[in-house]
Amino acid sequence: MGILQEFKEFAMRGNVVDMAVGVIIGGAFGKIVSSLVADVIMPPIGVLLGGVDFSDLAVTIQEASKTAEGTVIPAVVVSYGKFIQTVIDFTIVAGAVFLMIKILMSFKKKAEAAPEAPPAPSNEELLLTEIRDLLKK
């Protein structure tokens, strides 16, 4: 039972929950970036390069064929166009994460730079101040 209790304490920590939310948001952000690259960025680049569709860029190592029994052997293809799209996806995601961390760190620096308010005087200091003021009178 001890291991289950330890796991429950670990899973309920704020960091684990925050990490889970980050992974979910990151997955959704990855889909958005993939769509941005595949549907918005790559078509104009393909037009600039003479109508090239990057998802179709590939080198065929072995053509598809049929055996004597009629079994189809699929073609062996190296799809380097999809790799190029994935590299662009990664670059955009890495840039966005870098900017987000940079912004968060600037907020943190501003919070650290803010001067702290002086601590309130203790009861003894207040009492001594009152005595001093009474003695002046």
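Reply: **One residue and its surroundings**

Leaving aside residues up to four places away in sequence, Q85 touches V37, A38, M42, F54 and S55, where a contact means heavy atoms within 4.5 Å. Before going on, a word on the source: this is a predicted model, in which local features need pLDDT of at least 70 and side-chain atom pairs count only at pLDDT 80 or more, while totals for chains, interfaces and linings use all residues. Residues are numbered from 1 along each chain as its sequence is written, and side-chain values use heavy atoms, with hydrogens and water left out.

Q85 counts as buried because its relative accessibility is 13%; buried means under 20% relative accessible area, exposed over 50%, and partly exposed in between, with a 1.4 Å probe and protein chains only. Across the protein, 7% of the 137 residues count as buried.

Q85 belongs to helix α3, which covers residues 80-113. Helices (H or I, at least four residues) and strands (E, at least two) are DSSP runs, numbered from the N terminus.

The unreviewed UniProt entry annotates residues 20-42 and 83-101 as "transmembrane region"; such annotations may be inferred rather than shown by experiment. In the model, residues 83-101 are 100% helix and 0% strand, with end C-alpha atoms 27 Å apart. Residues 20-42 are also 100% helix and 0% strand, and there the end C-alpha atoms lie 31 Å apart.

One of the members, V78, lies in strand β4 and is partly exposed, as its relative accessible area is 41%.

Now zoom out. The protein has four helices and four strands, running α-α-β-β-β-β-α-α from the N terminus on. Its radius of gyration, taken over C-alpha atoms, is 31 Å, whereas a compact globule of 137 residues would have one near 14 Å; that globule rule is 2.2 Å times the number of residues to the power 0.38. Along the principal axes, the C-alpha atoms fill a box of roughly 115 × 55 × 20 Å.
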